[in-house]
Amino acid sequence: MSIDRQCRYNHWRGRADWLVFDYAINAMGVDLILSVDALEPRPSGIARYNWALASRVGAMPEVASIRFYRSGHWIADPAVLVRSVEADAKPRRLSRDPRPRWWRVLSHRRFARGHLFHAPNYFLPEWAERGIVTLHDLSVLRYPETHPADRVAYFERHLIPSLARAAHVITVSETIRQEAIGSFSLDPARVTAIYNGVESIFHPRSAEELAPVLGRYGLMPGAYALCVSTIEPRKRVPQLLRAWSLLPADLRERTPLVLVGARGWLGEEADLLIADGLKAGWLLQPGFVPDADLPLLYAGSALFLYPSIYEGFGLPPAEAMASGVPVVAASASCLPEVTDGAAMLVEPDDVEDFALRIERALTDDGWRMDARTRGLAVAKRYDWDRCARATAAVYGRVG
């Protein structure tokens, strides 16, 4: 039946207004299912990416309708999954579906028929007919020793089948795009790099604006350096701490290092060095930092350090650049691409050279001014609205 004849039929049934509108909308875009498995009140980089899409792509012209899926459940409002931790909210607990697995698969497959499924966190469900997968990085496969064994086993078992069933793959940098194409023999036409974004709350701030918040941490604007990172092996936090311990004593005293981040996998080595730094007084570890305070900690720092040897995008250095702060980052994986000439690049495992570069980054006023200017310009490229529009364009191409 043609759309014209169907509309006349609907009118005869007295239902034309909303059904004709539904036909018009579906003719313009895809019916999308977006996984929100990564959403959580204390957001990681992947959770921020997931929320950026969940809160934006439904309004894009390429999307006719959107449903949200999480761990076997259909979610009406993903915002309930990202409620503020400052409000003592707890992650929403989803009850276990008591139906047999085969029944759940058939049920979801039937419901999702004709929809495009986007998995923003690596894995397509087995029942998805058409799908898009986002690869953030391949660290689990490239550096398996830096991840828990059960995570490595899951990736080894499920990632390649997920990619094989995907109609398209999105990566968050060109570095990871090339790595994915080479690692999995993917057709380059099926892989698109779309940069992450930086929230507008990350921007330069005046000393007057910074002082009240920094004062709660015993800090002064421009009188400390900052590292925001999970403490796990590939982030190279122990190397940063060793390099900092080699700086001249007066420089360490004037500019202590502030370390913000949760303890991750295999953090024992870092624990010992953190204890030494805290005892010596050149390291500060404030513990939990509310989300509202973090942008001010960025903007108030004299230097931002990110020695991770492997990232898919690296949100922290991008956020630091957007805050007008000079950046020192590892010369590895995507970080040269993402900082694009604005950061001082280092080999973190060469601890003595790392220390020399940190000293220069803290004392060379010419470099610091240039790094701020370049960093602000580079950071303007990273915008969540732009990310959502580019992602929706992929939906439109895949159909």
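Modeller: In this predicted model, the backbone nitrogen of Asp 37 lies 3.3 Å from a polar atom of the side chain of Ser 35.

Colleague: Why is Ser 35 called buried?

Modeller: Buried means under 20% relative accessible area. Ser 35 has 7% relative accessibility, so Ser 35 counts as buried. This residue belongs to strand β1, residues 30-35. Leaving aside neighbours within four places in sequence, the contacts of Ser 35 include Asn 50, Tyr 69, Phe 117 and His 118.

Colleague: What makes Phe 123 and Phe 155 an edge-to-face pair?

Modeller: Ring centres must lie within 6.5 Å, and planes over 60 degrees apart count as edge-to-face. For Phe 123 and Phe 155 the values are 5.0 Å centre to centre and 75° between the planes, and the pair is edge-to-face. Phe 123 lies in the loop between β4 and β5 and Phe 155 in helix α6, so the pair ties together parts 32 residues apart in sequence. Both Phe 123 and Phe 155 are buried.

Colleague: What is the geometry of the pair formed by Phe 313 and Tyr 382?

Modeller: Phe 313 and Tyr 382 are 5.1 Å apart centre to centre, with 90° between the planes, and form an edge-to-face pair. The two residues are 69 residues apart, and their pair links distant parts of the chain.

Colleague: How do you know that Phe 313 is buried?

Modeller: The cut-off is under 20%. Phe 313 has 3% relative accessibility and therefore counts as buried. Tyr 382, with a relative accessible area of 3%, is buried.

Definitions and conventions. Residues numbered from 1 in each chain as written. Predicted model: local features only at pLDDT ≥ 70, side-chain atom pairs only at ≥ 80, totals over all residues. Heavy atoms only, no water. Helix = DSSP H or I, 4+ residues; strand = E, 2+ residues; numbered from the N terminus. Buried < 20%, exposed > 50% of the residue type's maximum accessible area, 1.4 Å probe, protein only. Polar contact = N/O pair within 3.5 Å; in protein donor to acceptor, adjacent residues only side chain to side chain. Contact = heavy atoms within 4.5 Å. Phe/Tyr/Trp six-rings, centres within 6.5 Å; stacked < 30°, edge-to-face > 60°.
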